[in-house]
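Here are my notes on this model, point by point. Please keep the structure open while you read.

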Amino acid sequence: MEGSAFKASGQDGEVAKLQQHLSLLREEYKKLQIHTNNLESKLALTSSTGMVVENSYLSQLQKIVSSLHESPLYSDMKITLKDREIPVHKLVFAARINDGGNLTDIISLDWSNMEKNIAQVLIKWIYTDSVDFPQSDDFTLSLMKHASELHLDELVSRCEKALVSSVNVRNCIRYYSSADEINANTLKEHCSSLISTYWDDFTSEDFIHMSAPLLFHMFKTKTKFPLHSAIRLKREDVVFLYLVDNPDELTTILNSVDNKGDLPLDLALQAREMSIATTLLQNGADPDCQDTHGYTLLHKAVNRGDNHSSKFLLEHGASVSLVTPDNGDTALHLIASCSPDTTLEETISAMADIARLLLDRGLNPNLQNKLGFTALHLAVMARNEEVFTLLLSKSSKHLVDMNIRTLDGHTALWFALIRTTSSELYSCNSFAARLVEKGAIPNPTYPGNGNSLLHLVAMEGLEDAGLFLCNHIHNIDHINRQGETALHLAADRDLGRLITKLLECGANPNIQTLPPEHVALSDGTECRIYRQSCIHRAISRGNLVAVKALLEHKVTAEDSKDSVVANLNLRDSQGNTPLSLALSLGMQNIVADLIQGGADVNIRNAEGYTLLHQAIRKENVEGAIFLLNQGANIDAKTMSEETPLELAIQYNLPDVVEALCRRGVDPSSVDKHNNCALWTALEKGYEDIANILVKNGVDTDNWSEGPEGCYQTLLHRAIDENKEMIAKFLVQSGCDMDTPRRAGPGGRGGEEAHDQQSPLHLC
């Protein structure tokens with residue numbers, strides 16, 4: 001800020017210095033003018049005698065003439081001023097005045113209309129050839145005019161030279177006019193040069209005193225567009241002269257733009273010169289003429305909020321339906337786009353009157369621009385209350401269609417919903433409420449994707465807009481092409497209040513999404529998950545507010561015959577129920593609520609796995625233990641006859657084995673291959689699991705069928721199969737080391753059943 005101020009101060013100082021220099025130069029110029037005048041006087045004497053002799057006849061004659069100034073000696077004529085008479089001499093005046101006529105019979109000249117000081121300077125110059133120009137340029141200008149009237153050409157020339165030094169941008173036009181009146185060509189040419197240099201800086205006020213013919217002549221010499229210049233300066237008299245001077249080219253000229261791209265009629269309208277505008281129209285100006293960008297005069301007037309010009313054009317036949325070249329907007333579109341955020345209230349009100357005039361003159365209010373917007377769309381978007389109210393008033397006469405769509409498929413109601421604040425939506429005077437009241441379809445559908453308006457507001461997270469629509473629509477369960485209801489999309493955005501409202505209005509929470517229309521597996525990409533209910537969607541996105549709303553509704557509406565509650569055991573295309581999905585995503589914080597709400601903890605997927613099976617197979621120890629805590633069935637078998645214990649051993653999950661044992665699983669149960677859990681763990685080398693089983697009371701002997709059908713212990717088997725590590729573990733765990741094999745059912749077992757060999761003998 002300080003740097004800018006310093007810079008500005010420096011610039012002002014430079015300007016002041018230049019002005020001071022210019023003033024000094026003007027003073028020097030005046031001194032040179034006086035010196036030049038003296039030299040010219042001496043030159044005149046020299047030219048007449050060929051030499052300058054102080055006591056020559058001509059020199060003596062000049063002295064005598066100078067001495068007769070205001071002297072009655074030899075006076076033969078008087079000049080009457082305002083306050084006195086001055087004696088003068090006919091001979092002197094006759095010598096000075098060019099083409100002064102015969103003064104023989106004249107005894108008095110009436111100069112009473114002349115200022116006293118002007119008259120005195122004139123008389124002094126006539127006698128002495130000397131003139132002192134005061135500081136006032138107005139005095140010099142007046143002196144020059146009177147000198148011209150008296151045909152004192154030499155004095156006129158001196159005045160011109162004196163004024164040249166004082167000509168500037170502020171006075172050059174006035175001096176030009178004065179010079180033109182008396183044919184002071186030197187001054188006139190100097191002023192003309194300055195006017196040309198600063199032509200674009202002048203205003204109508206600068207030319208107000210210049211005569212029409214002179215100004216017309218100046219325009220013709222100074223600009224290529226005299227008509228446009230005359231209109232800019234609000235000179236109707238000059239416009240008239242131009243029209244008279246160009247009768248054969250009027251139609252072309254009146255509808256042509258100047259170097260600034262302006263049309264004559266538009267300039268007249270902008271200047272509020274309605275008389276000039278009328279004259280232009282009468283002489284061939286087209287009220288629908290377009291500028292270089294393709295905008296008509298009406299478009300331009302509307303864009304600048306000029307209701308006077310707009311009304312004038314409409315009253316003089318301007319078309320109401322012509323459109324702009326870029327967006328295809330009519331004048332009504334442009335008016336409807338005026339927003340109170342950027343436009344003055346009085347301007348909006350005035351332009352609304354123009355909109356009414358457009359409609360009264362037959363403009364179709366349903367015309368759409370290149371993007372498909374009608375004036376109603378734009379009025380809603382701009383929140384232009386006056387135009388909006390005007391258009392709604394036409395709906396009762398079926399003139400305005402409330403449901404026309406833009407190219408994107410939107411009706412005006414969509415824009416009313418997205419442009420209205422939450423508090424305003426619930427008012428009966430809101431744009432949205434009034435549109436619905438006047439016949440706007442509250443939940444139109446979009447053919448491209450099958451979405452409804454309710455879908456869109458849910459996707460955009462416009463919860464209050466969704467709540468508003470719920471009060472007005474009937475197709476609450478409308479599905480789009482993916483099978484999604486508005487409830488699915490509200491769950492996606494975690495809109496708890498909207499979910500509750502939709503359910504209260506009868507929305508079905510069990511509608512599942514559809515499979516993709518085009519499934520392409522050749523590229524190896526994963527297909528989109530489908531058959532999702534709204535709670536699947538809420539859980540998949542971690543939206544706890546949505547889950548809570550769905551579960552709370554299930555509790556409150558369970559006994560209601562009219563309400564559909566969420567089925568928590570529906571499966572998606574991957575076989576996941578809401579519960580299994582929550583577990584797979586680590587959302588244990590909602591599992592208890594899901595189970596309490598009716599989710600089956602033992603439900604199986606398409607492959608026959610319970611949630612516990614799935615958790616163990618994914619080696620999700622925390623999830624498996626959590627399911628056990630929630631009451632998962634510890635004995636449920638897979639389609640391959642595998643129990644949770646067998647799976648836990650298979651995937652080496654000692655903590656899960658421990659949890660199963662604590663919950664009463666039979667550690668001595670055998671698998672489909674007749675292997676007990678302890679043998680399986682030891683055979684895989686999982687001694688930590690084996691220790692857990694032993695700690696929880698597993699039978700370390702576990703008599704089972706051996707060779708030839710005999711019965712043997714695990715120790716017999718380990719020794720027989722030469723598995724030293726297993727045998728060693730069993731011995732350390734306190735197994736029976738003395739009992740021999742025995743016969744199986746029906747005495748089966750052969751020699752092994754009767755040899756009475758203990759495990760020690762087998763070694």
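1. Helix α7 passes helix α9 in a right-handed crossing. A crossing is right-handed if the near helix is turned clockwise from the far one by less than a right angle, and left-handed if anticlockwise. Helices here are DSSP runs (H or I, at least four residues), numbered from the N terminus.

2. α7 covers residues 172–181 and α9 residues 212–222; they pack at an angle of about 110°, with their axes 11 Å apart. That makes α7 roughly perpendicular to α9 (the class for 65 to 115 degrees). Axes are lines fitted to C-alpha atoms over the stretch in contact, and angles run from 0 to 180 degrees between N-to-C directions. Tyr176, Ser177 and Asp180 in α7 meet Leu214, His217 and Met218 in α9. Contact means heavy atoms within 4.5 Å.

3. A word on the basis. This is a predicted model: local features need pLDDT of at least 70, side-chain atom pairs count only at pLDDT 80 or more, and totals for chains, interfaces and linings use all residues. Residues are numbered from 1 along each chain as its sequence is written, and side-chain values use heavy atoms, leaving out hydrogens and water.

4. Now the aromatic rings. Rings of Phe, Tyr and Trp (its six-membered ring) pair if their centres lie within 6.5 Å; planes under 30 degrees apart are stacked, over 60 edge-to-face, the rest tilted. The count by this rule is nine aromatic pairs. In one, Phe93 and Tyr127 have ring centres 6.3 Å apart and planes at 70°, so the pair is edge-to-face. Phe93 lies in helix α3 (residues 90–96) and Tyr127 in helix α4 (residues 116–128), so the pair ties together parts 34 residues apart in sequence. Both Phe93 and Tyr127 are buried. Buried means under 20% relative accessible area, exposed over 50%, partly exposed in between (1.4 Å probe, protein chains only).

5. How are the rings of Phe388 and Phe431 arranged? Their centres are 4.1 Å apart and their planes at 0°, so the pair is stacked. Phe388 sits in helix α20 (residues 385–395) and Phe431 in helix α23 (residues 431–437), 43 residues apart. Phe388 is buried at 0% relative accessible area. Phe431 is buried too, at 5%. The charged end of Arg383 sits over the ring of Phe431, 5.3 Å from its centre. The rule asks for NZ of Lys or CZ of Arg within 6 Å of the ring centre and within 35 degrees of the ring normal.

6. Trp199, Phe202, Phe207 and Phe219 form one aromatic cluster.

Note on methods. Helices (H or I, at least four residues) and strands (E, at least two) are DSSP runs, numbered from the N terminus. Angles under 35 degrees count as roughly parallel, over 145 as roughly antiparallel, 65 to 115 as roughly perpendicular and the rest as oblique.
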